Amino acid sequence: MQWFQSALIDQIIDGSKTATVRFVAWSEGLDADNTALRVGATYDVVDRDGTPRCRVRLTGIELVRWDAIPERLWRRDPAVSGEVSLEAFRADHWDYFDQPSDDFEFLGVYFDRVDG
């Protein structure tokens with residue numbers, strides 16, 4: 001699982017980030033660093049350069065609508081700034097999801113770090 005912002009990887013390492021999002025279309029995977037995800041499997045978290053930083057185990061994946069983002073997701077996926085709120089989650093993902101409509105669907109992906 002690849003992240004391009006080191007602040008997000010730091011949040012995973014310090015335990016404040018235990019969820020992320022993905023486009024539904026990515027459910028089959030994108031490339032060697034962003035493969036299809038399976039609950040219970042472990043994945044390397046790699047940075048922009050492909051350097052492994054830690055490992056995570058997926059604990060859940062759910063289909064989410066933009067107009068019904070569950071509290072469990074936004075509490076576990078803080079903004080890059082570290083702010084934890086529904087408003088911060090929406091602001092952080094607004095451009096990422098290309099200004100989604102209320103019925104836009106995406107994947108909420110939950111995980112636990114399994115090593116340092």
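Modeller: What follows is a set of questions about this predicted model, each answered from its computed values.

Colleague: Why do β1 and β4 stand at the edges of their sheet?

Modeller: The sheet is an open one of 4 strands in the order β1-β6-β5-β4, with antiparallel pairing. Within it, β1 (19-23) and β4 (42-46) each have a single partner strand, so one side of each is left without a neighbour in the sheet. On average, neighbouring strands of this sheet are turned by 45° against each other, direction ignored.

Colleague: How do you know that β4 and β5 pair?

Modeller: Pairing requires at least two bridges between two strands, and 5 bridges join β4 to β5 (residues 52-65), so the pair meets that cut-off, with the two strands running antiparallel. In β5, R55 is the residue that stands opposite D44.

Colleague: Which strands does helix α1 lie across?

Modeller: Helix α1 (residues 6-14) lies across β4, β5 and β6 (105-113), and runs at about 95° to β5.

Colleague: How do you know whether the radius of gyration of the protein chain agrees with that of a compact globule?

Modeller: For 116 residues, a compact globule would have a radius of gyration near 13 Å, and the protein chain has 13 Å, so the value agrees with the rule. Of these 116 residues, 41% count as buried, which means that their relative accessible area is under 20%.

Note on methods. Residues are numbered from 1 along each chain as its sequence is written. This is a predicted model: local features need pLDDT of at least 70, side-chain atom pairs count only at pLDDT 80 or more; totals for chains, interfaces and linings use all residues. Side-chain values use heavy atoms; hydrogens and water are left out. Axes are lines fitted to C-alpha atoms, for helices over the stretch in contact, and angles run from 0 to 180 degrees between N-to-C directions. Contact means heavy atoms within 4.5 Å. The radius of gyration is taken over C-alpha atoms; the globule rule is 2.2 Å times the number of residues to the power 0.38. Buried means under 20% relative accessible area, exposed over 50%, partly exposed in between (1.4 Å probe, protein chains only).
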